[in-house]
Amino acid sequence: MPTAIKIEELLRRNEGLRDELEGARKVATTAQKELVKSKEDCKTACSKLHYASMQAGTLKQSRDDALGKAKRAQQNYENLNRSLTKQAAGWVQERLDDRAIERAARVQRLLPSVV
């Protein structure tokens, strides 16, 4: 009988250890799935970060290009403004010269002996 009791105890212990092992396997499987998901999430996050970095670089370059174009446009505007100012001053001077000539001609007609 003592041997039968020992065998029963061993069988119960064996069954308990089997249940414990099965529980440990389930925990390990769950942990493995979580690890795989975490790795995939990490890869996705890294990919998104890389894409965002590339986008930021592209946007920075676009901004720099736009600023360069704006600066050149400002310089062109200033040059054109100076040129138009000189041209307008030239036209005003021409008109003043024409008026002076017209006045001189009028005075000569009115007072031919003065000139």
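Where is Arg-12 found?

## Helix α1 and its span

Arg-12 is found in helix α1. This is a predicted model. Helix α1 covers residues 2–110. Arg-12 is exposed, and its relative accessible area is 55%.

How far apart are the C-alpha atoms of Arg-12 and Glu-102? They are separated by 132 Å. Along the chain, Arg-12 and Glu-102 are 90 residues apart.

## Salt bridges

How many salt bridges are there? The count comes to six. Side chains of opposite charge can pair when their charged atoms come close.

Lys-37 forms a salt bridge with Asp-41. Their closest N and O atoms are 3.3 Å apart. That falls within the 4 Å cut-off for a salt bridge. Why can these two be about one helical turn from each other? Lys-37 and Asp-41 are four residues apart in helix α1, so about one helical turn separates them. Lys-37 is partly exposed, at a relative accessible area of 48%. Asp-41 also counts as partly exposed, with 41% relative accessibility.

Lys-60 and Asp-64 meet through their side chains in a salt bridge. The N to O distance is 3.4 Å. These residues are four apart in helix α1, so Lys-60 and Asp-64 are about one helical turn from each other. Lys-60 is partly exposed, with a relative accessible area of 47%. Asp-64 is partly exposed too, at 29%.

Which residue forms a salt bridge with Asp-64 at 2.9 Å? Arg-63 does, with 2.9 Å between the closest N and O atoms. Arg-63 counts as partly exposed, at 46% relative accessibility. Lys-60, Arg-63 and Asp-64 therefore belong to one network, joined by salt bridges that share partners.

## Cysteines without a disulfide

How many disulfides does the structure hold? It holds zero. Cys-42 is in no disulfide. The cysteine sulfur nearest to that of Cys-42 belongs to Cys-46, 4.2 Å away.

A disulfide needs the sulfur atoms within 2.5 Å. Cys-42 is partly exposed, with a relative accessible area of 46%. Cys-46 counts as partly exposed, at 45% relative accessibility.

## A patch of positive charge

Which residues gather in a patch of positive charge? They are Arg-99, Arg-103, Arg-106 and Arg-109. The patch is on the surface.

Take Arg-109 as one member of this patch. Its place is in helix α1. Is Arg-109 buried or exposed? Arg-109 is exposed, because its relative accessible area of 64% is over the 50% cut-off.

Val-107, Leu-110 and Leu-111 form a nonpolar patch on the surface. Together they have about 280 Å² of accessible area.

Where does Leu-111 lie? Leu-111 lies in the segment after α1. Leu-111 is partly exposed, and its relative accessible area is 43%.

Terms used. Residues numbered from 1 in each chain as written. Predicted model: local features only at pLDDT ≥ 70, side-chain atom pairs only at ≥ 80, totals over all residues. Heavy atoms only, no water. Patch = residues over 30% accessible without salt bridge, like charges linked within 9 Å, V, L, I, M, F, W, Y side chains within 5 Å. Areas by Shrake-Rupley, 256 points an atom, 1.4 Å probe, with all protein chains shown as cover. Lys, Arg positive; Asp, Glu negative; His and termini not counted. Charge placed at Lys NZ, Arg CZ, Asp CG, Glu CD. Buried < 20%, exposed > 50% of the residue type's maximum accessible area, 1.4 Å probe, protein only.
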